[in-house]
Amino acid sequence: MIFGYSSCGNMSVAQAVFDSMPEKDVISWNSLISGYLQNANHQMSIDVFLQMGRAGIVLDSTTFAVLLKACSSLENYNVGIQVHGLAVRMGFDYDVVTGSAILDMYAKCKNLSESLQFFREMPEKNWVSWSAVIAGCVQNEELVGGLELFKEMQSEGIGVSQSVYASVFRSCAGLSAVRLGSQLHAHALKADFGSDIIVGTATVDMYAKCDRLLDARNLFNSLPIHNLQSYNAIIVGYARSYQGLEAYKMFWFLLKSGLGFDEISLSGAFSACAVMKGYLEGIQVHGLAIKSTFWSNVCVSNAILDMYGKCGALTEARCVFDEMERRDAVSWNAIIAAYEQNGNEEETSHLFVRMLRLRMEPDEFTYGSVLKACAGQQGLNRGMEVHTRIIKSGMGFDLFVGSVIVDMYCKCAKEEEAEKLHERMGEQTMVSWNAMISGFSLNEQSEEAQKFFSRMLETGFKPDSFTYATVLDTCANLATVGLGKQIHAQIIKHELQSDVFISSTLVDMYSKCGQMQDSRLVFEKAPKRDFVTWNAMICGYAQHGHGEEALKIFEDMQLEGVKPNHATFVSVLRACAHMGLVEKGLHYFHAMLSKFGLDPQLEHYSCVVDILGRSGQLSVALKFIDEMPFQADDVIWRTLLSICKLQGNVEVAKQAANSLLQLDPQDSAAYILLSNIYAEAGMWDEVSKMRKTMRYSGLKKEPGCSWIEVKSKLHMFLVGDKAHPRCNEIYEKLNLLIVEMKRAGYVPDTDFVLKDEETGNEQLEEIVERSSAVYSKKCMVKQAKELQLVALSVKP
């Protein structure tokens, strides 16, 4: 009766039956102790055992086995070692059942060395002993040790059980040893465990954790029956491999199966929603969790927090966090990461401070999110404070935290400090190398980024996709197409060209270097294309004035079902401006919101102003600016002012220049453009006023700049530059070219040069010299066949 009521979970009745018994033997006491153990009241099992001892009942092997299991569940080493001593005193340590329970207790109490020592001293071992010690190794992360014991077990001819297979498959999963796992799978099939649900579930879990989802799914489908654990294994496997939709589908198959669900199922389903950013799906699963008994489970709540954070639903995430009855470190990490991932750096810092005030100790994930928030808002002082706390906590040597600190200093434009920390790291990681390279790139130090990349290669580190993409970006910035081609060759060698991130960066690099044929070739051969790849191709054509090709690519993008974003429409509208397609440009502008649900931003309004202005509709463009839902910035007014120069419209130019100078009084280009518009209109008094205003304000025209790469060395040139060691030779060539260009009827671009009634010959020569600098270098490349043009003359 005691056993029956205990099995039904009714321990109060079981206790009452026990108390009413006139005589109680060892079986009665063992039944009651076992009943409390089965119902997870482990402390009560120990209390009943103590009463049993005071009652003078003689203990047997079952008593010790049950009691030691209670100690294992509580991970109570102190009580466990006392029970072990009692077993030795009573001679039960030689009993194989008691001995198996003792070694299991030590393993579960995180004392694997004592467990292994006891195992080696056991005079008799059976499959239960072997199973316990192998499981103990796996539970204590001694995965290789567990596999070696399994091999030893086989050599001694001990039969294999479900639990042993479960342990060794778990070891293979932890080691990502899929080849060994496949061999053990064959071993299990030969041992006639192929249809066993426990072994099958462990095998599915192993394949899933080794990223062999196809094998995992095939095995799952082949199982004669499924249980909750097998469904959990495949759901969590899909979610871990970022196949959110498949994980979500399997969760609904589980619900339809009638097997129910537990906290692991729900956590897997929420992870699936987070991966695919399925906010609506997440809400449905959340509703299901609320209706169940698992809604208050801290693991489920943490998964809900993470899901809402990754779906950008910060209000819902905060509500879940505030309503949690119990919060652990994972809960705080989840809410802090949610705010950081959604760009709310200020609240990330506030939550971190709250966490510290509650005396919750941050871990590497907490510091990772907080440092990223500091980097995001370029909060150097706050980042340094966090860095100080990390040093005091002793986590300064953690490789993950160290890499994030390096990244933070880089993003706060403190490359020297970042480099010092990078050099001091006990073991430099790929993350820290990437942080340094991307940091230099972000801070427009592309040459330094490339040097650091070379240093990384010299140390023997193998670049990953992020490294190659960052270095390719620096090649695009410097237009060093030669280095870009070398990087491209390395990418092909390492078979990384199928990475959509890499292919997108290659398309962008070649287009920015003026190599549109190569850019299109990479685009056409890319096995996968996302919106970034399409945007890079459209932008490349638009920037090089190939409007028709840009619009054709955009139409193809829609036919492929790829949704455009804001950047796509900037390029599309620029293409329309180059081609003078007013109606089509306005159609695309209005389609942003009506068809694609994208609110136009300032840069899109600037493109429309350019489209209207180029078509001569300056008054319409001015009205368009006035009716914008937000205030025009300097880019829009500068665009309108440039168009006024093309159209010769003085009145609109005055308005544009005045608005531009209100935003940026130090903008010399605005004065120059307006002065030139006055000059072309013959308004020389106004030109004189502009010249005087510029002199009074101390404004000067910034010189143009160009650079070339000669035998892997970068040479920079400014107008009137005499610092170059070969400047005499260069100017001799320039003088010859100026004469030739004048004879050929060359007319310089004087938009950004202040005009007088008669532009002096000296000024003309400066204009010609500036424009001819690149032309001269082109000639030198053609003649010497050893120079590579990497950038054209740029306007300030």
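Begin with the cysteines: the structure holds 0 disulfides, a disulfide being a pair of cysteine sulfur atoms within 2.5 Å. This is a predicted model, in which local features need pLDDT of at least 70 and side-chain atom pairs count only at pLDDT 80 or more, while totals for chains, interfaces and linings use all residues. Residues are numbered from 1 along each chain as its sequence is written, and side-chain values use heavy atoms, with hydrogens and water left out.

Select C172 and C210. The cysteine sulfur closest to that of C172 belongs to C210 and lies 7.2 Å away, which is too far for a bond. C172 has a relative accessible area of 0% and is buried (buried means under 20% relative accessible area, exposed over 50%, partly exposed in between, with a 1.4 Å probe and protein chains only).

Now turn to the aromatic rings. The structure holds 27 aromatic pairs; rings of Phe, Tyr and Trp (its six-membered ring) pair if their centres lie within 6.5 Å, and planes under 30 degrees apart count as stacked, over 60 as edge-to-face and the rest as tilted.

Select F352 and Y367, one of these pairs. Their rings are edge-to-face, 6.0 Å centre to centre, with 65° between the planes. Because F352 lies in helix α22 (residues 345-357) and Y367 in helix α23 (residues 364-376), the pair ties together parts that are 15 residues apart in sequence. Helices (H or I, at least four residues) are DSSP runs, numbered from the N terminus. F352 is buried at 6% relative accessibility, and Y367 is buried at 0%.

Continue to F589 and F624. The ring centres of F589 and F624 are 5.7 Å apart and the planes stand at 70°, so this pair is edge-to-face. F589 belongs to helix α36 (residues 582-594) and F624 to helix α38 (residues 618-626), so the pair ties together parts that are 35 residues apart in sequence. Both F589 and F624 are buried.

For a group of rings, select Y248, F251, W252, F261 and F294, which form one aromatic cluster.

Finish with two charges over rings. A charge sits over a ring if NZ of Lys or CZ of Arg is within 6 Å of the ring centre and within 35 degrees of the ring normal. Select F119 with K125: K125 lies over the face of F119, 5.2 Å from the ring centre. Then select F321 with R327, where the charged end of R327 sits over the ring of F321, 4.4 Å from its centre.

Note on methods:
Helix = DSSP H or I, 4+ residues; strand = E, 2+ residues; numbered from the N terminus.
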